[in-house]
Amino acid sequence: MVDGQGILVGGYPLSGIVRRVRRAADFSQRELAKHAKLSAATVAQIETGATTPSLPTLQRILNAANYQLVVVDAYGRLVVPLEVWQDVEDGAGRRYPAHLDTILDPEFGDWWADGYGLARPPETFRRNRTYRDYERRRSRWQVRVAKLRHAPEPQLPRGWKPGDEWRADGG
């Protein structure tokens, strides 16, 4: 509990959010409970902060009042799930790490082991964070240039030259 009001969501007490949603839907606690398939006592406990609902329960309450739970970034933009491509796995059948950019049909230099002469897999990812961040900035620049045409191209990280992207030391 936080100050007797229960859990905070986005800096606001969840109990107050549930009360606001119920009021906007013009439901009594019993009506909200009926539409959310909960007991009226459960809704009352959530609204007083005596209990914290599970995520599925919160979704049922919000859906009953015609609201939905979403995730937004610091700028208020909707965060959508990461796309998972079918049949793109490592040799052990695992998905690649979510923080890495997957590269299908890599060219020489795209795979970290190209420098060692190892056989290239059909997909890989950039392990070097410095170069990966540069590639992301360059991709955003390419999209922006199509619209504005005046932004300068991002520079390679200091001390790097073309062909260094497979370096594991980060430059």
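Author: Here is a short walk through the helices and their packing. Keep in mind that this is a predicted model.

Reader: Fine. Which residues are buried in helix 1?

Author: Helix 1 covers residues 14-24, and its buried residues are Leu14, Ser15, Val18, Val21 and Arg22.

Reader: Why do they line one face of the helix?

Author: Look down the axis of helix 1. The buried residues fall within an arc of 125°, so they line one face. In general, an α-helix has 3.6 residues a turn, so residues three or four places apart point the same way.

Reader: And which exposed residues does the face turned away carry?

Author: Arg20 and Arg23 are the exposed residues there, on the face of helix 1 turned away from its buried side.

Reader: What covers the buried residues?

Author: The cover includes two strands, strand 1 (8-9) and strand 2 (12-13). It also includes helix 2 (29-36), helix 3 (40-48) and helix 4 (55-64).

Reader: What follows helix 1?

Author: Asp26, with a positive phi near 60°.

Reader: Switching topic. At what angle do the axes of helix 2 and helix 3 cross?

Author: Roughly 115°, and the axes come within 8 Å. Helix 2 and helix 3 are therefore roughly perpendicular to each other.

Reader: Left-handed or right-handed crossing?

Author: The crossing of helix 2 and helix 3 is right-handed.

Reader: Which residues meet there?

Author: From helix 2, Gln29, Arg30, Leu32 and Ala33. They meet Ala40, Val43, Ala44 and Glu47 of helix 3.

Reader: How many are nonpolar, polar and charged?

Author: The contact of helix 2 with helix 3 has 5 nonpolar, 1 polar and 2 charged residues.

Technical notes: Residues numbered from 1 in each chain as written. Predicted model: local features only at pLDDT ≥ 70, side-chain atom pairs only at ≥ 80, totals over all residues. Heavy atoms only, no water. Buried < 20%, exposed > 50% of the residue type's maximum accessible area, 1.4 Å probe, protein only. Helix = DSSP H or I, 4+ residues; strand = E, 2+ residues; numbered from the N terminus. Arc of directions from axis to C-beta. Contact = heavy atoms within 4.5 Å. Axes fitted to C-alpha atoms, helices over the stretch in contact; angles between N-to-C directions. Parallel < 35°, antiparallel > 145°, perpendicular 65-115°, else oblique. Left-handed = near helix turned anticlockwise from the far one by under 90°. Nonpolar A, V, L, I, M, F, W, Y, C, P; charged D, E, K, R; others polar.
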